[in-house]
Amino acid sequence: WRSSATCKPWQSGRFLPRVWERCQPPSRKGINTTAGQGQQVGMREKQVLEDLEVPLARRETETLFQEQPQTGNQYLEDALLRSYLKTHLPPKVLEEVNRDLERFGNRLLTEIKPLGWECELNPPVFRQYDAWGRRVDHIVTCSAWGRMKEIAAEEGLIAEAYERRYSNWSRLHQAVKLYLFSSSSGGFNCPLAMTDGAAKVIESLGIPGSLKNAFDHLTSRDPKKFWTSGQWMTERRGGSDVANGTETVARKQPDGTYRLYGFKWFTSAADSDVTLTLARVADAEGKVKQGSSGLSLFFLKVRDEEGKLNSIQVQRLKDKLGTRQMATAELWLDGAKAELISAEGRGVASISNMLNITRIHNVIGAVASMRRMISLSRDYARRRVAFGKLLKDHPLHMQTIARMEVQTRGAFLLLMEIVRLLGLVETNMASEQDQLLLRLLIPVAKLYTGKQASAVVVEAMESFGGQGYMEDTGLPVIVRDTLVLSIWEGTTNILSLDVLRSLTKSQGQVMAAFFSAVQQKLELASSTAKLEPAVKQTRDAISSLAQFTQAAGSKGAVTMELAARDFSYTLARIYAGALLIEHAARPDASSADIAAARRWCNQELCPVATELENSSYEAEEALVDGVLVYEGSPACGSRL
């Protein structure tokens, strides 16, 4: 296999004439600088020209030599993030947050990023027995992983959201730090997501006395006191159907505590200090209630005061495609001591706060991975020479990166909108419309950005040519770790159905809130001439969406289920478009802000209306789906 970057140097990094010529169009050799480019390309091209004179005889090895992309302080280089904060944060808050983020950006570059790579190179190892045959079930993690935990506490990556020193802006401050941290965290962003979720559940329960100590540890800034939490929900039947897939049984003890018995098939951050988990409470006869109404929520410590596992056996670590830096395990609960923290049978409702938080963290990870890959790609375009020009001087290459940038900007503003709304809800400042919007936008943003991220990071990897496929560049790590984001915390289809449930439960109020919010944002841009096309396209999409919801309402449940994914995509595209327009309508908006809004709105904003016109959601089409999928398979002879 050969890399697509075929220009090869001799050992000092100087290009060989014959190989270089093979990289050029037949009619030219060396470097061709067009008008106005000479100043930009400068010394780099002169050096390449000089290197062409190196005789072939001096080549000793055939190694690829290209300049490594370099990025600086992530915060200072993120123009959209900085302009968003400047627009929305009160001046005093902005001053303090800006100072904190610039400092944090430097720490990411000098300390955290190297630790993240060390976590990747030294994944956790499971040691089941010691040298003398005693079962120890020890998950061994590297020192860098432990240091990440300390840094998370020092930086207040969980505490920031619960101290609320900036009132409703505290949650946004935390989200921005996590966004900057994510791609350099060596996978530690995942246990932080569950830790944040556990803290949120305990807070939503009113921080009962028995959980006060746990809450203080989960939200501590002291590295010696800080705890992380797991989230043990998935069992042997797997998937999102916890109502029918949860088999773990809880047996009440004379002292009021419970003992849990069951098998947890997928437990992320298995080295955490505590966890929340679902189980079915057994009655006096040992019987349990099935379905979601039979599930209750429990809190347990993973180890006792002596450091021994809490009647838990580790079966094995999961062999995952990505996020390999974090220990994910299969666990037997063989009488694990636990505390019932929800009302009996209200486990699913109680853990919903945790799911909302972890889904927001999923969005943070998605946007962060896109931003990281684009940052590397755009810097590489300034360094890599191909076909006589820097990559940045090839229009098609720049068009490709620009399209990724537009997607990332839409996703970023969607993330900021969600955490802004969450901050209002957490400080009792949210209107009814804000609350309805948050309920709708969390699953919409999670499912859409998960898909966006997978597409963007793969496209960005391609922008490096063959080097993007090389493991030691670190680029494949970002791609692998990103691919889980459309799966974890609910797949695209599962979340699309959740979006429909939000409509049903609110009796359509969430859609009224959605339309109202979008219209308000478009009004802000009504006097900006350059945004008129984007505003019109978005208004047309809103009209089409309204017509769809009216038409679909009379067609029944099958139509809405078949349309669920396209419907959710439509909501994401329209709302992100409105956010981009709102941001571009600022008095100090840049030309890039305006271009991003216009280009986003050039795409199909209401795919659900188009597919309805194509009869894609008819019951007959569902039958055709089965025929297409199973033609030629043994299943085609059975009833579909």
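**Entry 1: the model.** I noted at the outset that the model is predicted.

**Entry 2: cover of strand β7.** I began with strand β7, which spans residues 274–281. I asked how many of its residues are buried. I found that eight of its eight residues are buried, and I therefore recorded β7 as mostly covered, buried being under 20% relative accessible area.

**Entry 3: parallel partners of β7.** I then looked up the strands that pair with β7. Strand β3, residues 229–232, runs parallel to β7 and is joined to it by four bridges. Within this pairing I traced Gln 231, whose bridge partner in β7 is Leu 276. Strand β5, residues 249–252, also runs parallel to β7, with two bridges between them. Here I noted that Ala 250 has Val 281 of β7 as its bridge partner.

**Entry 4: the antiparallel partner.** In which sense do β7 and β8 pair, parallel or antiparallel? I found that strand β8, residues 295–301, pairs with β7 in the antiparallel sense over seven bridges. For Ala 279, I recorded Ser 296 in β8 as the bridge partner.

**Entry 5: a patch on the surface.** I turned next to a nonpolar patch on the surface, formed by Val 624, Leu 628, Val 629 and Tyr 630. Together these residues have about 390 Å² of accessible area. I located Leu 628 in helix α22, which covers residues 619–630. Why does Leu 628 count as exposed? I noted that its relative accessibility is 65%, and the cut-off for exposed is over 50%; Leu 628 therefore counts as exposed.

Key
Residues numbered from 1 in each chain as written. Predicted model: local features only at pLDDT ≥ 70, side-chain atom pairs only at ≥ 80, totals over all residues. Heavy atoms only, no water. Buried < 20%, exposed > 50% of the residue type's maximum accessible area, 1.4 Å probe, protein only. Pairing = 2+ DSSP bridges. Patch = residues over 30% accessible without salt bridge, like charges linked within 9 Å, V, L, I, M, F, W, Y side chains within 5 Å. Areas by Shrake-Rupley, 256 points an atom, 1.4 Å probe, with all protein chains shown as cover. Salt bridge = Lys/Arg side-chain N within 4 Å of Asp/Glu carboxyl O.
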